[in-house]
Amino acid sequence: MEVAQAAGGQVALTTPGGPAPGLEHDWVLVGGALAAPLEGSLEGAGATVPSLPDGRYTVVVTARDATGLVNTGTTSFTVADGALVA
């Protein structure tokens, strides 16, 4: 999972090389000042989430194949002054 700054202060979530064929990728974003988790799925180029308030966030990505096999990965990042912090 890669996290990058997108236009307009949004955050882009992508998988290197794009999602693997035959896998469904779902994500959940928690942390910072979010009142509730944000959820979505990655398709094609990935997903863009709205501008996030300053804070520390964790995104959990779950990949699932047609047989039901599941693999999970986690990435954390920080937003300060409306931008991703390296």
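Which residues does Val59 touch, not counting residues up to four places away in sequence?

Modeller: Happy to take a close look with you, and please keep in mind that this is a predicted model. Leaving out residues up to four places away in sequence, Val59 touches Met1, Val3, Leu13, Trp27, Val28, Leu29, Gly73, Thr74, Thr75 and Phe77.

Several of these names come back when we turn to the nonpolar core. The largest one has 13 residues, and Val59 is among those that touch the most other members, together with Leu13, Trp27, Leu29, Val49, Leu52 and Phe77. At least two residues of this core come from each of β2, β3, β5, β6 and β7. The largest share belongs to β6, which supplies 3 residues.

Now for the strands themselves. Strand β6 covers residues 55-65 and runs antiparallel to β3, residues 23-31, with 9 bridges joining the two. One of the pairs to look for is Leu23, whose bridge partner in β6 is Asp65. Strand β3 also runs antiparallel to β4, residues 38-42, and here 5 bridges join them. Leu29, which we met as a contact of Val59, has Leu38 as its bridge partner in β4. The hairpin of β3 and β4 has 6 residues between the strands, and in this hairpin Gly32 takes a positive phi near 55 degrees.

Two other suppliers of the core, β2 and β5, belong to an open sheet of 3 strands, in the order β1-β2-β5 and with antiparallel pairing. Here β1 (2-5) and β5 (47-49) are the edge strands: each has a single partner strand, so one side of each has no neighbour in the sheet. On average, neighbouring strands of this sheet are turned by 25 degrees against each other, direction ignored. Between β1 and β2 (residues 11-14), which run antiparallel, there are 4 bridges. You can find this pairing at Gln5, whose bridge partner in β2 is Val11.

Asp81 sits in the loop between β7 (70-80) and β8 (83-85). This residue has a positive phi of about 55 degrees although it is not a glycine. Asp81 counts as exposed because its relative accessibility is 77%, and exposed here means over 50%.

Definitions and conventions
Residues numbered from 1 in each chain as written. Predicted model: local features only at pLDDT ≥ 70, side-chain atom pairs only at ≥ 80, totals over all residues. Heavy atoms only, no water. Buried < 20%, exposed > 50% of the residue type's maximum accessible area, 1.4 Å probe, protein only. Pairing = 2+ DSSP bridges. Axes fitted to C-alpha atoms, helices over the stretch in contact; angles between N-to-C directions. Core = buried A, V, L, I, M, F, W, Y, C linked by side-chain atoms within 4.5 Å. Contact = heavy atoms within 4.5 Å.
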